[in-house]
Structure formats: C-alpha cells, structure tokens
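Let's walk through this structure together, from single side-chain pairs out to the way the chains meet. Keep the viewer open as you read.

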There are 4 protein chains.
Amino acid sequence: MTNVPFHGVIAYPITPFDTAGKVDLGLFKSLVERLVVNGSHGIAPLGSTGVLPYLTDEEKESLTEATIQQVGGRVPVLVGVSNLTTERTVYHAKFAEKAGATAVMIIPMSYWRLTDDEIVAHYDTVAQSLSIPIMAYNNPATGGVDMSPALLKRLLRIPNVTMIKESTGDVQRMHYLRRHLGEEVAFFNGSNPLALSALAAGARGWCTAAPNLIPKLNLQLFDSFQQGQWTQAQQAFYQQFDLLQFIVQKGLPRAIQAGLELQGVSGGELRAPLAKLTIEEKAQLNAILATCF
Amino acid sequence: MTNVPFHGVIAYPITPFDTAGKVDLGLFKSLVERLVVNGSHGIAPLGSTGVLPYLTDEEKESLTEATIQQVGGRVPVLVGVSNLTTERTVYHAKFAEKAGATAVMIIPMSYWRLTDDEIVAHYDTVAQSLSIPIMAYNNPATGGVDMSPALLKRLLRIPNVTMIKESTGDVQRMHYLRRHLGEEVAFFNGSNPLALSALAAGARGWCTAAPNLIPKLNLQLFDSFQQGQWTQAQQAFYQQFDLLQFIVQKGLPRAIQAGLELQGVSGGELRAPLAKLTIEEKAQLNAILATCF
Amino acid sequence: MTNVPFHGVIAYPITPFDTAGKVDLGLFKSLVERLVVNGSHGIAPLGSTGVLPYLTDEEKESLTEATIQQVGGRVPVLVGVSNLTTERTVYHAKFAEKAGATAVMIIPMSYWRLTDDEIVAHYDTVAQSLSIPIMAYNNPATGGVDMSPALLKRLLRIPNVTMIKESTGDVQRMHYLRRHLGEEVAFFNGSNPLALSALAAGARGWCTAAPNLIPKLNLQLFDSFQQGQWTQAQQAFYQQFDLLQFIVQKGLPRAIQAGLELQGVSGGELRAPLAKLTIEEKAQLNAILATCF
Amino acid sequence: MTNVPFHGVIAYPITPFDTAGKVDLGLFKSLVERLVVNGSHGIAPLGSTGVLPYLTDEEKESLTEATIQQVGGRVPVLVGVSNLTTERTVYHAKFAEKAGATAVMIIPMSYWRLTDDEIVAHYDTVAQSLSIPIMAYNNPATGGVDMSPALLKRLLRIPNVTMIKESTGDVQRMHYLRRHLGEEVAFFNGSNPLALSALAAGARGWCTAAPNLIPKLNLQLFDSFQQGQWTQAQQAFYQQFDLLQFIVQKGLPRAIQAGLELQGVSGGELRAPLAKLTIEEKAQLNAILATCF
C-alpha cells in the first residue's frame, strides 16, 4: 500500500454549463484555478460534484484535459472515471492516464446490485489496464452499492488500488478500516459532516466540494489538526458545520453553484433535470455563508 | 386518465450479447418472438431487465426498432427511454414514438437525489415532446428515487402520463394509489413477489421478466384472477413464488439468462461487470424451475 | 399443527382507565360485550391495544378474569401474556390457562436484542408449563424483535405453538410462511392495512382493534372473501382503508379511545404518558369514520 | 444548563443473579467496588447494562440503595429510573432521590410510539417531582424511540433536565447538539464505538460498561484526550475498538458477564430469556481481551 499521491484537502470543482446546455470550459478552468490558488492540496474533476454521470464521453475527455492543463502540475489531479460498464471504465481510465492524471477515482456504479465478485473483477480489469494508482470510492447514496470493509480489503490487494474514499457517513467504517486493514491504510473522508471525526479516526485527507466556497476554513481545520492544535480544529469544524450539512442536503452541484453566485462568482447553469436552488434555499445558504467568514 | 393501452402480463426481454460484447440482435428477436407466441399481453424492451443503462444510444435505437419489427403489432410495445438527463430522455422518447412504440416507460434515474419539482419538470418536458402515453415507473432499488404517492399524483396530472408502474415491493403503496387517485387509476405491478397482492389491490397488469421462463404459470395467475377463480389464482401464485423471489434476488438479467440456458434456449452473454450465475446458483435455479412445471 | 381454535375477525378491546388512573373494569366489560354482540369471532384482551406492558400484574389478572367471565364461552378468548422475563411470562400464561383462556398470545418482548436460541428457549419454557395453544406474535415495531420466517418455523416445532400472528406489515412474509411452512400453517394477520392482501395470501384470520369502531365493515371484508365474492371484499377493504391506516398511525389505544367517544361510547381515560388525540386529530378521525358508514 | 455533576468515564455495573434467579446483592456490591477503585468518574446502576426493565420494583430499590451505600460518596451516582408509565417513573425517581442519588437517568421507554408532546409531558411530570438533575437518554435501539435534536432541545428547557446521553451511534447528532444547543450543552456519549469521535465532538463524558473489563484503557483514552495528547488518545481508542464493538454486538449484560468470568471474577447468572455467551463467543471475547492488555 504505497503510492499514495494525495493528502489534505482534495477539492472538487463543479461542471458549469452555458445557457445552451453545453459545458462551459472557460468558466470551468477559472473555477479550477480558484481552487488551486486558494490552497487545495489536490484537484478532483469529474466527481459526483462534477456531475460525471450526466456528461457525454466527449465532455468528460475535454474536462479531463482542461483540468490537467490548468493545474499544470502545481498539485496532483484525481480524475473520476466511473462508468456502469467495465469496458467504458477502462476506456476513460486509460484516457485520464494518457492525459496526465495523477490517479483515477472509481465508484462501482450500480443499476443492478453487483456481487462482491463482480465488483472485484471490475476493479481488477481496470487496474490491469493502468499504471497510475486507483482510489476506490464507496458511496451508497449516489452509487447504489455499499462496499463492506471486507470487500474494500479485497480491493486493496489489487496492486494499484492504493486508496479508499469512504462516504457512507458512518465514522465507524473508518475505525474498522484502520483497525482491520492496518495503520497504514490510506483512507480519505468523502462525507463533509464527518470532517472532524474522520481526521480523529486517522483519515489522510478530505475529498470535498466545500473549498469552492470556504477554502480558508477547510484548510484551517486540516492544518490545525495536523499541528496538534485540537481546540482550533474543533472550532474551525463547528464554524463550517452548518455549511457542510447544507451543501450535502441540497446536493453538491446545486448548492455550490448557488454559493458561487452569492459570492459574486459565476457558477454557470445546471444540466436538467438538476435545477437551481429556490429563492428560499438561496437565502438560507446566504445566511449560513455569513457565519463562515 | 384514459389512453391506457396495456393490461395483463407485460413481458420484459433481456438484452443478449455475443462473445465479442456486442448486442446480439438476432437472438434478441428470437427471445421477443418467444414472449409473444407464449401469450404475453405486451412487450417491454429496454427495461431494467434489458439492461438499459448499460447500452449505448445506438444499441438502444436498434433494440427499439428490432422489437417493434418483430412484434409486428400483435401486442402493444412499451419502450424504456429513461436517462439521467432530460435532454437525452426526450431524445430517446421521440425516437421510440417515431419507431412505432405504443408507449414509453420512464423512471426518474437519479445520481443526485432529485426534488419533487425537478422530477415533475423532467416528466413534463418529455411529455410535451410526445403524443404517445407515458408510464411513470417508481423503483427506488434500481432508480435511486422513491416517488411518493403525492408525487405520482402530480405526475398523473400531466396529460399523457397515464400509467404508473409501482415496484417498491410495498402493496400498501398500491392501496394508497387506488384510494387517493381514484378507482380508475391505471397502476401496474412491477414487483414480482407481489403479483398476487397487486391483483387483489386492483392492478391493471404485471410488468415482469418471468415469462421468459414460466409464461404459462404467469398467465394462469392473471387469467384465473380475472375469471374470479380465486383458489386457482392463489395456487398458481404459490407455485411460482420461489422462482419470482429467486430472479429478483439474483438480478433479473443474470437469473433470466441462466434460466434460459437451463431450458435449452440461448440467453447470450452478459455485459461486464454483470457476471453469470455461479454453478451453485444455477443448480438452485434448476431445482426451483422444476417445481414450476 | 392442529389445535387452532381461532379464525376470522379476532377483536382487541382497549383497556379503559378511570380519572384516578385505575383500570375501569365495568367499562372494560361493556366494551368486550359490544365486540361480542357485534359479531367478532374471537376476543383478545391484553394485547398491544390493551396496553399490556403498562399494566401491573394485578391489573392483568383482573382483566383476564373479566374478559372470560363476560364472554362466557360465546367465542374463544386469546389472552396476551407477554413479558420481558421468561419467569413472568410463565406466571401469566398459567394464570390465563387456569382462568379459562382458550389460548395465549406471546410476543418476545425485547430490551436487549434476543438471539434466536434465546427466543426458542423462552417459548419452549412457557409451552412446557401449559396445555392450551400458543400464538407466537411477530411485531418488530412494538416488540423490538423481528422474528425471521426461519425462526417462526423453529417455534412451530414446539407442540403447542400452533399459530402465528404476523404484524411486520410485509405481505411477503406471509407468502414465505405459507410456501415454506406448508399450506396448513395457521397464520393470522396483525397488520390492519394488509387486511385484504393477507386474506389473499391465505391468512386464517385478522387480529384487529377496528371492530371497536367499524365491526360491520370488518366482518363484511372477511365474509365476502370467504364466500368468494371478490369484488365485494375489495370494496369493503377500500372503504375502511383510511380508517385502518389512521388507527395504526396514531396508535391503537389512542385512536380507538377517541373513535369510541366520537360514536357516543365512553372509552375511558388513557394511562400516561399516552395522551388523548388532539382536537385536530379527532376531527380527522371523525371525517374518516363518516366514510365508513 | 448548570448543575452537571458528571464528567469523564461513567461506569455501568451489570446486575448479577444467583442460581435461584434472585439478585445477588453481595456480588453486585463487589462489582460496584471494583468500578470505583479502578478509577471510574461516576457509577450508573440500573441502566440497560443493569437490565433495569427485567427487574421488579423491590429489586430496583435494593440495587439503588446498595449502590449508594457502597459508593459512599467517593464518586457521583446516576440511577436509572425509566419506566413505561409516567406514574412509575415518578415513583422510582423519587425513591432514588431520597436514597441519595446524585442524578437520575431517564429514557422514554416506548411500547406505543410516543409523540413529542407525550415525551415532553413525561419528563416534565417527573422533573417537577424532583430536585436532583435528570439526564435524558436517547437510545432508539433499546428504548424504541428516537428523540430528534429538536425534541432534546425542548427537554433541555425543563429546569432540571441538564444532561443528554446520546446513544444513536451517529456522531452527527452530537455535532448538531453542540452547534444548535450551544457550546455549553452537556452531552454524554452512550455509544461505545463512538468513544473517540464523541470526545472530538465535545462530549463531557462517556457512559460505558467497558470499565467492568478494561478500566485502564477507558481512562487512558479520556485522560489523554483531556491533556491534549492526541496520538495517545487515538492509540488507546484503536486498542479497545474491537472490544467495544464486541460488547455492543453481543449485548452488554451477556458480554460483560462473560468477560468477568474470563478475568476470574464472578459475573453471576443472567435472568432468562437472556442467556450466557456460547463457547465460541466466549473464545472470541477472550482473544479480543488479550489485545487490550
């Protein structure tokens, strides 16, 4: 379990669309740039936040290239390449590697509930086609599959599956991973409201869309914790807790898009059926944002 | 709530693949033909059983055309056109209408949990682009969204949303629909183990992949019930109950493919990551099938 | 699996209290009398409806004796004797038998989640102390334990455990029981909104508090079904569906007490912390009751 | 929200029985003594661990008196007085106060799902009869009621309800309590596997049966955390994690009784239907205990 090129705050850009419904690449690059200059330790395009499953193959490819070009090696890039079929997952993973991605992230998307054997075969096939590392992503709420700790253990035996992103929202999963996969297991927290607990449990980093809106507070939590300043870490967490809950409850693309607009930054349009926050929701978000600065 | 062109046993073909991973259209047509000659009251390609979400646009189009050509008007055809984005759903729905589909079935596929307003807008946009009726499909287990009876009521106010397929597996949902949407609401059962209860509750029909394996028993249940032969209906149900449970538990494409092979009919290959039943599972299915004849 | 002395509509009286907080035995007897003269096929005191767990030992004993005396052999009597400890369950079961109960009903009440072995031992110990039959009652919502079909199968091997009351609200449990325990298994429905589905599935009877309010409609559902008049059974069910849902949602003791008052019959007081329905809830119940006559 | 007489590790003794099924008061006192001399910051008899709901009134009273006498003021005593009825809860709470308890703990036990208003009235009635503080206990798994943060907020407005014990196992509940009830809210963790996360979230103490078996490790976790020795706290937590999970999974009374025996200390008998751990379970516990020393 070596080859873990990520740590700290890994920031997820949204994918903005123009009024014609097309991906707005220029705006996307500027949103990526904001995340980099604001101190993110890594950039992760084409995640749930980036509405990966709503995009065409061509759109995914241009967003991959745009990210890597814009980041320009300043921080590592983690590209989401999940797909329902194994064949398409391999395709996108190889594209990302060739384009210069540091690693790829894969959630076993599920329409038909996959067996553990099917999931292992899926990762194994993709891993054999790559030489960069893979982060296995567990998020039953969006992916439809809940990978058990036992299954994650099996996945980590595949040589280049070196990282786990845990998004069940259950901190006890992380305890279990660390206790049963060894102190050196590289797990990352993908559940925003667990940011504090996950660090306490030993997470290497935090995969989050929040740096689009509150990068200082996100970094302050991570940095304080790393430096053993426990009280400051706790304070930073509680100050951003309402925002973290809000963006999860409303859905990250919708909430981040609205939050950017409230901060005077264009977030572009959403792709239907996703719709913008209502006026009431936006007012609620505005009030919460005010408590974060 | 008129324009309800379906009733009875609506049969779902699987989508077979060849060893090169391509859709085997010839085999597909022969599987459709079996369903028609075995007495199905309707044919529904591109459902969950037909692994809709694992197919390319071109594959969906050729399967739509192949079904309508093969059925040749003998029974109505219900084409699945669900897609994560509204734009693609409209596209496939219009394609199906032009190809001659009797109606389309739409499940609000969800990666990000959709709000009720987003779902209504999704159906409304599709409905306005069509003149054939729409069956709204509720199946939280595969689609990720659980549409409440109140939401279904809103959808039925859209003129050509005339049918509901309920697959939560909770018969009380059907009771509620009938009680609160009126005796004339056209709801169809999509949960195989509820086949008997749903008829008792007043369902117009049963959407099922089981006729690929046990068409006589499926029709016997429906026909006995229609003719008021209650004891026969109950017997027919209990005789097929184990099979209905098995195919649901193992996943319909995997279970039907294996069952066809056990009956000496080719079911083709599955598309990865979906994998064939294990030898043990197949033996179990064989034993259950033996109790159905 | 012989010795099944119950069938049809088994009616559950509430336990009324006076304003001093004591059980009002006179009122209780009059409520039992109403249930008998209105045609119930059996009477079941000290159920959930009768707030068994809120009563002292002395109260349980006097209610047992009062019921048996008032019913006077006109219909069979099923006495609830559930208790957290095995020792107290044996005590109350023996009391009921000596007092003349036809059978006893036992739910494995749980504070600490019991293992299957603990539950089997519990029933076995009680069964060995009795010669009357036992109805095993599965209701995870109130008892805290969900007995699997496999466990119920084990319980039915105990000679005088001859009946099952299923109250999970999942009709598929009943299908499973009948399919795997044999056509002759004597299962009773304890979930009011499943009244129709349970009969369709083969239930011997319906354990319900509804006859306190709408005895004619309850009997009409059962009798129509028995006589093969399917359409009438369906109509009777849908006419009472809202009431059945309401009394379950609000809690049977609270809802029945209020319904009795609305019908001009005293329902006595409730024992705290249970509180009477609010004025709004009572108005809602009144409106629903009006649709049942 | 003053008057919070507890902090740190609050230890829960089991209630041992003799072979005749009676409470073994002498053994109980010696188990309490062990907890005190091993450094517990508080003692809590008649909790779930002490099988409160399986005891007679007389047994509860003698256990209350025995605890207070044995502890002799060395640490504060928190007596469980929960009961299904309000009247009995008042009775036991007053008994505990008179006997010298520092505070009482009350879970809203539920057979019929209580409304929020019923729960508030229940606590309010008890509170008015007492002058010592009350800890409100939320544990849906054993009590059957899940009190929302909003409801807990209402309870804390009752003057002598000054403490909350949260046992849902969801750390986000604690985050919410602290964020919305104020930094000064006195909440205690009742979920053993959350011991670390709860401290990170700001819990005042940890209510646990684990000190019956591993008091040093429990105190080491709390003390390290208090002293800002984060790495030591994390290590102490992970060393005891398997044991904490085991005792929760098997049920605290059963697991603690077996663990005591494995340590050469009598744990007495259990009261049926609760049964001792199987030989296999005991071997598993022995292996886990070996990793804690």
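Which residue forms a salt bridge with C:R254? The partner is C:E281, and the closest N and O atoms of the two are 3.6 Å apart. A salt bridge here is a side-chain nitrogen of Lys or Arg within 4 Å of a carboxyl oxygen of Asp or Glu. C:E281 sits in helix 12 (residues 279–290) of chain C and C:R254 in helix 11 (residues 252–262) of chain C, so the pair ties together parts that are 27 residues apart in sequence. Helices (H or I, at least four residues) and strands (E, at least two) are DSSP runs, numbered from the N terminus. Both C:E281 and C:R254 are buried; buried means under 20% relative accessible area, exposed over 50% and partly exposed in between, with a 1.4 Å probe and protein chains only.

Before going further, a word on the ground rules: this is a predicted model, in which local features need pLDDT of at least 70 and side-chain atom pairs count only at pLDDT 80 or more, while totals for chains, interfaces and linings use all residues. Residues are numbered from 1 along each chain as its sequence is written, chains are lettered from A and ligands numbered from 1 in the order in which they are written, and side-chain values use heavy atoms, with hydrogens and water left out.

Side chains of opposite charge can pair when their charged atoms come close. Over all chains, a search of the whole structure finds 67 salt bridges. One of them joins A:E184 and A:R204, at 3.9 Å from N to O. A:E184 lies in the loop between helix 7 (171–181) and strand 7 (187–189) of chain A, and A:R204 in the loop between helix 8 (195–201) and strand 8 (205–208) of chain A, so this pair ties together parts 20 residues apart in sequence. A:E184 is exposed, with a relative accessible area of 53%, whereas A:R204 is partly exposed at 28%. In chain B, B:E184 and B:R204 also meet in a salt bridge, at 3.9 Å from N to O. There, B:E184 counts as exposed at 54% relative accessibility, and B:R204 as partly exposed at 30%.

Now for the way chains A and B come together.

Contact, meaning heavy atoms within 4.5 Å, involves 28 residues of chain A and 28 residues of chain B. Together the two chains bury about 2,600 Å², 66% of it on carbon and sulfur atoms; buried area is the accessible area (1.4 Å probe) that two parts lose on being put together, summed over both. A:Y111, A:W112 and A:P273 supply 33% of the area that chain A buries against chain B, more than any other three residues. The rule finds 2 salt bridges across this interface. In one pairing, B:E118 forms a salt bridge with A:R254, with the closest N and O atoms 3.2 Å apart. A network of salt bridges also links A:E118, B:K250, B:R254 and B:E281.

A:T49 is found in the loop between strand 2 (42–43) and helix 2 (57–71) of chain A, and is buried, with a relative accessible area of 3%. Leaving out residues up to four places away in sequence, the residues that A:T49 touches include A:Y12, A:L252 and, from the partner chain, B:W112.

Chain A meets chain D as well, with 28 residues from each in the contact. The area buried between them is about 2,300 Å², of which carbon and sulfur atoms give 49%. Here A:R179 and D:D242 meet in a salt bridge, at 3.1 Å from N to O. By contrast, no contact joins chain A and chain C, whose closest C-alpha atoms lie 21 Å apart.
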